[in-house]
Amino acid sequence: MEPVGRRAEIPTGSSLLDAAQAAGIGLVSLCGGEGWCESCIVRLAGGELSPVTAAEREVLSAEQLAAGYRLACQAIPTKDVKIEIPPESLATPQRLQVEGMSAQVVLDPPIESVNVVLDPPSFEDMRPDRERLEDALAEAGHANVSLSYPVLIDLSSRLRDLGWSIQVVLQNDQGIAILPPEMPIFGLATDIGTTKLAAYLVNLTTGETSAQTGAMNPQIAYGEDILSRIGYCREHKDGRRVLQARLAATLNDLIRKMCAEADIAADQIVEAVAVGNTAMHHIFAGLDVGQLAMTPYVPTTGQALKVGARDVGLDIASGARVYLLPNIAGYVGADHTSVILATDIWKTDRTSVAVDIGTNTEITLVAQGRLSSCSCASGPAFEGAHIRDGMRAAEGAIERVQIKNDEIRVFTIGGKPPVGICGSGILDAVAEMRRCGILDDKGALQEEHPLVRQTDQLPELVLVPADATGHGRDITLNRKDVNEIQLAKGAIRTGLELLLLESGIGAEQVENFIVAGAFGTYISIPSAIQVGMFPDLPLDCFHQVGNAAGMGAKQALISLERRRVAQDIVKQIKYIELTTHPAFQKQFMRALFL
Ligand code: FES
């Protein structure tokens, strides 16, 4: 099967979908192989398949059939076959690639550990515990080690509990943890998003991820977006401290959960790396955030930062530190630095774009060896906010929409009865509505279209009638909902076009288009192109890479070299402020069209 390059032997009578599954290839199969969702299209490049079924005739055009396109769930090989899988039929095709890339990072953590055995004190040898340990370390070849204050606090009881045979974890010349000899040591990598947190527990000896988990950012209770959280910090005397403490408490829950899963103690975690947008970074590190809401929106620091884990409330080894990757600008944070790091686009010769879609969307363009970045206020529409029937991506959310022959088909997360529509579903719906002529290029619903229903207020499209939903109410989209998507996609396209303009190149020259982040992983690229959010490039230019920010954080956790690279990347990037760009208004107006 190409371009994946896998072979599979399958029992007679099995479909191509079965073959793909047997070969470990994630083919999209939204309808579960019933033959009507059109998501499993493949092309026969050699060999012979069973005759075309009625379901395939219904879904595929005569031209597609003539060109060898088939539905993988319907077609059964009758001989050896060679199959081509178009990128749109592959489920999150590039996610593994990023995970594979982290595996290639050479293990070079900023931590080492040394086992020592001490003579217990006696009336003949009354050296204090600290000096006794420092002497033993010097004898083991580690002179000039000092023990950090948090380690000193319970050093005496640790030495006695462990019977004077210990492992000292060192960072440079600092002793940061005392553990039983040979006990494995771990690191924590975390991606602090405005909405979601992701955390990874990594074995620092092997570089392997032992556990990973996620949670909603508890700061949501203080404001859905960055500006409202900054507002909370400015308006409340201890606002910053409250938000920081809530975040640390949730991160500690995640740490406990991962420790239980990996069957380790939290003090075996001896190093941490955190990434996040600039506001999340600053709140986590306890820095001022007010200036991020004031022109010209500069961060407190653009350099990497090291803080004590205990100083930011993380319950890991007492002397452990948290390394925060550098920010690029007030609205292009360390999480984007991490995306650039993980995807390696900073060193590519090819004209490349990396987009991380969220409430703020960060974009980096690499052209002629130069990097430029910007941030666009794409808003929360892709999180389902400001959309009447919108919701976050959760069970029962419509994530895919197809309209064919005036029939609407929806697919929900978990296959549950629909209760709302999430970002990828809304994007699909708008793309399909435009493609079928339900919307004009300004986003107005065509009232004469048979699928459009007149109401007292705005005309609307009924995506799912009340009797087929999980809550007994119609799920609909109207012009206001469509306009929210236009604003969001218009902001993203404007950012991209202005970066291209500043670099003097056209969108058609982009060879490599990386879409990062949770939302970006689930969107349909053809829909994003149809609505004009992304340029009309060949589909194989696009790579949906999942949580690249988290991957970059993991790389920085296990490799000092990757930390140096991250600092270099930030120095090379030219930040472009969109709001004051002379071409912004014109470009934005143009980008609103569908
Ligand atoms: S899986 Fe739906 S058409 Fe094949």
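I looked up strand β11 (residues 269-276) and found it running parallel to strand β13 (residues 321-324), with 4 bridges joining the two. My model is predicted: local features need pLDDT of at least 70, side-chain atom pairs count only at pLDDT 80 or more, and totals for chains, interfaces and linings use all residues. Residues are numbered from 1 along each chain as its sequence is written, and side-chain values use heavy atoms, with hydrogens and water left out.

I noted the terms. Strands (E, at least two residues) and helices (H or I, at least four) are DSSP runs, numbered from the N terminus. Two strands pair if DSSP finds at least two bridges between them.

Next I picked out a residue pair. Glu-271 has Arg-321 in β13 as its bridge partner. I then checked strand β12 (residues 305-308), which pairs with β13 in the antiparallel sense over 4 bridges. There, Val-307 stands opposite Val-322 in β13.

**Two open sheets**

I traced an open sheet of 3 strands in the order β2-β1-β3, with antiparallel pairing. β2 (69-71) and β3 (82-84) are at the edges with a single partner strand each, so one side of each has no neighbour in the sheet. From one strand to the next, the twist averages 45°. For such angles, axes are lines fitted to C-alpha atoms (for helices, over the stretch in contact), and the angle runs from 0 to 180 degrees between N-to-C directions.

Strand β1 (residues 41-46) pairs with β2 over 3 bridges, in the antiparallel sense. I looked up Arg-43 and found Tyr-69 in β2 as its bridge partner.

I found another open sheet of 3 strands, ordered β20-β21-β22, also with antiparallel pairing. Its edge strands are β20 (452-453) and β22 (475-478), and each pairs on one side only. Strand β21 (residues 460-464) runs antiparallel to β22, and 4 bridges join them. Val-464 stands opposite Ile-475 in β22.

**A helix crossing**

I turned to helix α11 (residues 334-343) and helix α16 (residues 548-558). Their axes come within 7 Å and cross at roughly 75°. That makes α11 roughly perpendicular to α16 (65 to 115 degrees; under 35 is roughly parallel, over 145 roughly antiparallel, the rest oblique).

I listed the contact residues, where contact means heavy atoms within 4.5 Å. Among them, Asp-335, Ser-338 and Val-339 are in α11, while Ala-548, Met-551 and Gln-555 are in α16. The residues of this contact divide into 7 nonpolar, 4 polar and 1 charged. Here Ala, Val, Leu, Ile, Met, Phe, Trp, Tyr, Cys and Pro count as nonpolar, Asp, Glu, Lys and Arg as charged, and the others, Gly among them, as polar.

I searched the whole structure and found 1 cavity of 30 Å³ or more. A cavity is a set of points on a 1 Å grid over the protein atoms alone where a 1.4 Å probe fits but cannot get out. The largest cavity has a volume of about 40 Å³. That volume is the space filled by probe spheres set on the points, which are joined across faces, edges and corners.

Lining residues have an atom within 4 Å of a point. They include Ile-226, Asn-277, Tyr-331 and Glu-362. By class, the lining has 3 nonpolar, 4 polar and 1 charged residues.

**Two loop details**

I checked the peptide bond from Thr-295 to Pro-296 and found it cis, with omega near 0°. Pro-296 is in the loop between α10 (278-285) and β12.

I also checked Trp-164. Its phi is near 70°, a positive value in a residue other than glycine. Trp-164 lies in the loop between α7 (155-161) and β6 (165-171).

Key. On a 1 Å grid over the protein atoms alone, a cavity is a set of points where a 1.4 Å probe fits but cannot get out, and a pocket is an open set with protein on both sides within 12 Å along at least five of seven lines; lining residues have an atom within 4 Å of a point.
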